[in-house]
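Hi everyone, thanks for having me. Let me put a structure on the screen, and we can walk through it together.

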Amino acid sequence: MEPQAVNRLLSLFTLPFLLLGSAASAQTPSVITFNADWTIAASGQLLEGGQVQVAYDVNRLPDCRTTLPDGSPSWSITGHYRINGGPPGSFDLAGLPTTGAPPVIPLPTPGTLELWFKVSGDNCERYDSHYGTNFPFTIHPLNPSAPATILFQEGWVEFVVGTLKQGQPFVIDFDLDRLPECRLLYNGAPTWDVGVRYRFNNGVYGEKSVTQVSGYSRTGTPVTIIPPAGASSVSVWFENWDRGSCRRWDSNLGANYHFSLQP
């Protein structure tokens, strides 16, 4: 089967990065994952008026693990956050609950979200705070006039920003690193391409290149699709090819990616 059958299981990003990621709707809460190997995985874009969930691997803060006589933890790991330099908030992550708050943060305004973490035990405290500077993330403003965008990001994550609507143009933004194999050149110039194929539920089919050439380089570029009258859903897949015999597909393991268009 296709290479994403294995690779789509995990996507790891390091700072700095733009938070983009996983669900088929901008209304789905985004997720920031702090992994034990000090990488950070981001799923979903941080949007004004939305929420973000924090998933934290407790192996990042292994110290201060004191216990009560019955063996239960007397230590706690708490997350802390601040938006645009405002008052800090906190939430429970592991060990003994101290705040009573789940690791879900509301994002009322655009700007900057800071995150940091602390483990506390008997006479012991340790921090995970990006060397005291905290972990910064951008909260993006909503733009109701912008066309909806379907993002296909490296690491096999896909999601929609905005609302796909019947009869209204939408944008497909494809990360070429999802299909990196077919890359033949001729006299230094690229002889390969990546195209999006799409079919609406009323049978209308189309295809467009999701790349552009500048000199001897080919890079990805967003493309705009205009739904035909009467279409209420669209299926999408991608093909990578070069002038040799190399062909690769990004098609959700042959099922294609399906999106509804709202009335």
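This is a predicted model: local features need pLDDT of at least 70, side-chain atom pairs count only at pLDDT 80 or more; totals for chains, interfaces and linings use all residues.

Strands of a sheet pair through backbone hydrogen bonds, either parallel or antiparallel. Here, four strands make an open sheet, and reading across, the order is E11-E10-E12-E19, with mixed pairing. Strand E11 (157-161) and strand E19 (223-225) sit at the edges, each pairing on one side only. On average, neighbouring strands in this sheet are turned by 20 degrees against each other, direction ignored. Now look at E10, residues 148-153, and E12, residues 170-174: these two run parallel and share five bridges. For example, Leu-151 has Asp-173 in E12 as its bridge partner.

Next, the inside. The largest nonpolar core has 26 residues, and those touching the most other members are Phe-152, Phe-170, Ile-172, Val-236, Phe-238 and Phe-259. Several strands supply at least two residues each, including E10, E12 and E19 from our sheet. Which strand gives the most? That is E15, with five residues. A separate core has 25 residues, among them Leu-61, Cys-64, Trp-75 and Leu-107.

Let's zoom in on Phe-259. Beyond its neighbours within four places in sequence, Phe-259 contacts residues including Ile-150, Phe-152, Val-160 and Leu-164.

Last stop: Gln-45, in the loop between strand E2 (40-43) and strand E3 (50-56). Is Gln-45 buried or exposed? Gln-45 counts as buried because its relative accessibility is 16%, and the cut-off for buried is under 20%.

Notes. Residues are numbered from 1 along each chain as its sequence is written. Side-chain values use heavy atoms; hydrogens and water are left out. Two strands pair if DSSP finds at least two bridges between them. Axes are lines fitted to C-alpha atoms, for helices over the stretch in contact, and angles run from 0 to 180 degrees between N-to-C directions. Buried means under 20% relative accessible area, exposed over 50%, partly exposed in between (1.4 Å probe, protein chains only). A nonpolar core is a set of buried Ala, Val, Leu, Ile, Met, Phe, Trp, Tyr and Cys residues joined through side-chain atoms within 4.5 Å. Contact means heavy atoms within 4.5 Å.
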